[in-house]
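Hi everyone, thanks for coming. Let's look at this one together, and please have the sequence and the structure open as I talk.

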Amino acid sequence: IPCRECVRTGVADVKHFSRDDAQAMLERWREDRISGLGRADGASNDDDAATSGGTRQSTADGQGPQDGDVGEMEESLVQTCAAGHEVRVVDILSRAVIYDAVACPQCVQKGEVPPFCFNRRRCLLYFDEDNAGRVGAMECLKCLQAGRSASIRILDIIAPEVFLSYNWGVVQTDACGHKHYSTQALVKPLKQRLETEEDIVCWFDVGGGMGAGQNHMAEMAEGIRKCTVVVVFLSDAYVNSGNCLREFCHAVRLCKFLVPVLVPTVEDGVARTGHSTGWTGPGASDPDWWKHAARKCENARNPDSNLPISWSVLRHFEPVDMRAPPAWLAGSESELEIRRRIASRFHRGEHVQHKTEASYALWVRTRAKVRHALTHRRAGVPTALFPDIRGGAS
């Protein structure tokens, strides 16, 4: 597990903790607590911790754990990384679980013991934007020997936890003469910090494709289906992009937790569609901020089904305004807010979905009420009978 203090302080060679060692240290303390060991055993544990490679266990006056001190003592268990940073064991174990090997899902389904395991690091290269030659599947040797289909899709082995949905922006040239897309250049460092500091796998597509022979639209839909959070980088260009509209519709249809981010406008920031690459509407202080998307979207229909798109679902997710210049810097309050929102969907590695589903259920009920009111309005029923409807359809 990477040391968060190494990452925070910018250490070039980030040190790591062993999850097994941290869990063993916590379990030893809990066992001592349950068995009610006395002072002598407590001192022995202190000696063991002092000689176990950079770990220590704090106690009061050399005594073992006392009644009523369970929470305080658990918080005081500390490990030290090779760079000298002391981190609480509970903080280490609160980070997302990272496995060095991932079992083949087909072997598991067929009851193979042990199953063939893929290297997690190699699987993650599939989501690395710098890996231009990536492919969408890996070969399972056990399945090959058993005569089964040996080509296992990466998305069946390991799925992204966060999907970053954005419009590329406009082509810009930096001081070194390198060309890049404006919005992509803002999103990419954020994605790298999420993966480094939060241990979160992000879907970040560069170049509009999944590699040779890949069905981009199908892979995109699968990525959204398997992720937990969709971060929507909203701009005027976003709401007029066919691919972005597809991603937004998939996320809403699958009731994904959304983190709307308002993108700044760059110099000469006009996309090929003629729209600004930034969000030119109001921010979170306006309760109807989301209506700007409806006003700017020239063709508010799903590109696949041709059904109308409703932007009103965004009213249930407060936006993060990144339009002020410091907002895109590492460690800014806006970036920390995005990370907090993402972390709120997980608890000790488990997905928290019930609140997201409740928000979507409320949205569906509100839309049904609006449609019901509009139907009666057309029939001549006084609108005063529907005081909750403000300004007509959403």
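Let's begin with the largest nonpolar core, which has 68 residues in this predicted model. Which of its members touch the most other members? They are Phe118, Val231, Phe233, Phe248, Leu258 and Trp311.

Let's stay with Trp311 for a moment. Leaving aside residues up to four places away in sequence, Trp311 touches Val239, Leu245, Phe248, Trp290, Ala293, Ala294, Cys297 and Ala300. There is also a second, separate core, with 14 residues, and Cys6, Phe17, Ala22 and Cys81 are among them.

Now for the helices. When two helices pack, we describe the pair by the angle between their axes and the distance between those axes.

Take helix α11, residues 216-226, and helix α12, residues 242-253: their axes are 9 Å apart, and the packing angle is about 35 degrees. The crossing here is right-handed. On the α11 side you'll find Met217, Met220, Ala221 and Ile224, and they meet Asn243, Arg246, Glu247, His250 and Ala251 of α12. That contact divides into 5 nonpolar, 2 polar and 2 charged residues.

My other pair is helix α10, residues 182-198, with helix α14, residues 333-343. Their axes come within 12 Å and cross at roughly 55 degrees, so α10 and α14 are oblique to each other. This crossing is right-handed too. Leu190, Arg193, Leu194, Glu197 and Glu198 in α10 meet Glu335, Ile338, Arg339 and Ile342 in α14. How many charged residues does this contact of α10 with α14 have? It has 5, along with 4 nonpolar and no polar ones.

Note on methods:
Residues numbered from 1 in each chain as written. Predicted model: local features only at pLDDT ≥ 70, side-chain atom pairs only at ≥ 80, totals over all residues. Heavy atoms only, no water. Axes fitted to C-alpha atoms, helices over the stretch in contact; angles between N-to-C directions. Helix = DSSP H or I, 4+ residues; strand = E, 2+ residues; numbered from the N terminus. Left-handed = near helix turned anticlockwise from the far one by under 90°. Contact = heavy atoms within 4.5 Å. Nonpolar A, V, L, I, M, F, W, Y, C, P; charged D, E, K, R; others polar. Parallel < 35°, antiparallel > 145°, perpendicular 65-115°, else oblique. Core = buried A, V, L, I, M, F, W, Y, C linked by side-chain atoms within 4.5 Å. Buried < 20%, exposed > 50% of the residue type's maximum accessible area, 1.4 Å probe, protein only.
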